[in-house]
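Hello,

Here is the structure we talked about. Please open it first, then read my notes below.

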Amino acid sequence: MPHRLSLLRDLAHPDQFRAAMRVNRMSGTLGGAVRCGLTVTLAFLVAALTGHTDLAGFAALGALASLYGRDEVYAWRWRLMTLAGGSLAAAVLLCSVLSGRGAPTPVLLVAIGAIAALATAACALLRTGPPGGTIIVFAAGAGLVPITGDAGTAVAERTVATLVGVAAALAVCNAGALVDRGARGAAPRLRSLLRHDPAVLGSALLVLCASVAAGAVASLAGWGHPAWAAMGATAVLHGRDVHHMGQRAIQRGLGTLGGALVAVPLLGAHLPFWAVAVLVVGLQVVTEVVVGRHYGLAMLTITPMALLMTSIGGTAEPVTMAVDRALDTLVGALIGVAVAVIAARPGTPATEAGDPATLDAERPGDRRRTRAAAHPVHPGGRRPAALRAPAPPASR
């Protein structure tokens with residue numbers, strides 16, 4: 001108990017707030033940001049040209065597979081993006097089926113928590129780095145949007161639209177392999193990475209508990225998107241340690257409040273489809289440039305982008321949706337930190353450990369050497385994302 005009180009005092013110290021406001025130095029983000037912007041643009045174009053603008057949000061969601069493996073050699077990037085894209089589509093499919101069948105709220109909350117935990121564990125084992133499992137939770141939340149009309153048709157359309165976005169991401173982000181065959185590199189064997197790891201299991205269990213708890217509080221409060229609360233808890237628990245989680249909670253909470261204020265007039269303007277598409281693409285590019293430098297500032301663009309994507313084909317009232325996003329995020333962030341403090345144990349790495357990917361990257365071991373062999377240092381001396389301490393995920 002004393003060590004938890006000490007952690008709480010540390011989290012409440014003004015130095016925490018000052019650390020949360022610090023802007024990091026970062027370079028080399030423009031290329032990945034442009035590729036992501038092109039991918040989302042292509043997803044919107046396909047949706048519009050096929051006459052399915054109402055599904056453009058799901059296509060853009062699938063396009064976010066472009067965020068995975070951006071700094072990796074093409075062979076490993078392709079595999080990571082394929083796995084991430086398949087996970088996005090699976091999350092949309094599962095939650096759409098549950099929504100279409102009218103599953104009770106407890107079942108939905110457990111499903112969201114399980115998806116968050118599995119995504120966290122998979123991203124840690126595969127060393128994906130940012131954005132981690134939070135976007136998978138975002139996809140699950142999108143699948144929970146109520147279905148009108150025939151449920152079977154709607155589920156199929158949502159899943160196919162998500163896969164179209166994934167295909168766009170694979171095409172855009174791996175096109176360079178056709179030009180520079182020597183840059184394809186080699187991908188590690190998945191079997192060598194997907195092995196039992198107590199740190200990963202512990203982190204996944206924390207995410208499960210925090211996600212279900214956050215979603216339950218949001219649901220009981222009557223807020224419309226409990227998955228957003230689960231996503232907030234998941235994003236906070238991606239921190240390197242308890243102190244870093246506290247900083248992420250501050251950044252995510254304040255940034256989301258500011259982003260919600262930005263989103264209200266945009267949503268209230270009831271912009272035409274192409275105007276929304278241009279805004280989403282622009283906000284996505286800015287997000288990818290900013291997020292590694294300051295997570296809180298990135299939330300100023302992430303929040304309106306996510307709300308605009310959610311609004312496509314929907315009729316939600318702008319202020320209500322923005323308020324739900326802010327409240328869900330605040331509750332999720334607070335519960336994520338609370339679970340981390342409760343689970344902290346003195347005298348062991350788990351006291352300070354939140355992200356098992358960071359732990360594994362910092363301690364020598366067979367898996368680290370395997371990854372190092374599969375991913376040599378990039379030109380210019382830059383280590384691949386899998387071996388760097390992960391920057392704050394681009395959590396939606």
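**Salt bridges**

Asp15 is partly exposed, with a relative accessible area of 42%. Its salt-bridge partner is Arg18, and the closest N and O atoms are 2.1 Å apart. Both residues lie in helix H2 (residues 14-21). They are 3 residues apart, about one turn of the helix. An α-helix has 3.6 residues a turn, so residues three or four places apart point the same way.

Please keep in mind that this is a predicted model.

The structure holds 2 salt bridges. The other pair is Arg70 with Glu288, where the closest N and O atoms are 2.8 Å apart. This pair links distant parts of the chain, 218 residues apart. Arg70 sits in the loop between helix H4 (56-63) and helix H5 (74-100). Glu288 sits in helix H14 (residues 273-290). Glu288 is buried, at 3%.

**The chain as a whole**

The protein chain has 18 helices and 0 strands. Of its 396 residues, 53% count as buried. The accessible surface comes to about 16,300 Å². Carbon and sulfur atoms account for 68% of that surface. Now the contacts with a separation of 6 or more: residues 24 or more positions apart make up 82% of them.

**Cysteines**

How many disulfides does the structure hold? The count is 0. Cys95 is buried, with a relative accessible area of 0%. Cys209 is partly exposed, at 47%.

**The nonpolar core**

The largest nonpolar core has 83 residues. Those with the most contacts inside it are Val40, Phe44, Leu61 and Val280. The largest share of this core, 10 residues, comes from H16.

Take Leu61 as an example. Leaving out residues up to four places away in sequence, Leu61 touches Leu88, Val92, Phe138, Ala139, Ala142 and Met309. Among these, Phe138, Ala139 and Ala142 are also listed as buried residues of H7.

H7 comes first. Here 10 of the 10 residues are buried, so H7 is largely enclosed by the rest of the structure. The buried residues include Thr134, Ile135, Ile136 and Val137. Gly141 and Gly143 are also buried in H7. What covers them includes H4, H5, H6, helix H8 (151-173), H12 and H15.

H12 (residues 226-236) is next. Of its 11 residues, 10 are buried, so H12 is largely enclosed by the rest of the structure. Trp228, Met231, Thr234 and Val236 are among the buried ones. The cover over the buried residues of H12 includes helix H6 (105-125), helix H7 (134-143) and helix H11 (198-220). It also includes helix H13 (242-268), helix H15 (295-311) and helix H16 (318-343).

Ala233 gives a view from inside H12. Ala233 is buried, with a relative accessible area of 0%. Which residues does Ala233 touch, not counting residues up to four places away in sequence? They are Ala210, Ser211, Ala214, Gly332, Ala333 and Gly336. Val331 is 98 residues from Ala233 along the chain, yet their C-alpha atoms are separated by 8.0 Å.

Ile302 is found in helix H15. At 0% relative accessibility, Ile302 counts as buried. Ile302 and Val291 are 11 residues apart in sequence and 9.1 Å apart in space, C-alpha to C-alpha.

**A nonpolar patch on the surface**

Last item. Leu42, Leu45, Val46, Leu49 and Trp274 form a nonpolar patch on the surface. Together they have about 470 Å² of accessible area. Which helix gives the largest share of the patch? Helix H3 (residues 30-49) does, with 4 residues. Leu42 lies in helix H3. At 32% relative accessibility, Leu42 counts as partly exposed.

Best regards

Note on methods:
Residues numbered from 1 in each chain as written. Predicted model: local features only at pLDDT ≥ 70, side-chain atom pairs only at ≥ 80, totals over all residues. Heavy atoms only, no water. Buried < 20%, exposed > 50% of the residue type's maximum accessible area, 1.4 Å probe, protein only. Helix = DSSP H or I, 4+ residues; strand = E, 2+ residues; numbered from the N terminus. Contact = heavy atoms within 4.5 Å. Patch = residues over 30% accessible without salt bridge, like charges linked within 9 Å, V, L, I, M, F, W, Y side chains within 5 Å. Areas by Shrake-Rupley, 256 points an atom, 1.4 Å probe, with all protein chains shown as cover. Salt bridge = Lys/Arg side-chain N within 4 Å of Asp/Glu carboxyl O. Disulfide = S-S within 2.5 Å. Core = buried A, V, L, I, M, F, W, Y, C linked by side-chain atoms within 4.5 Å.
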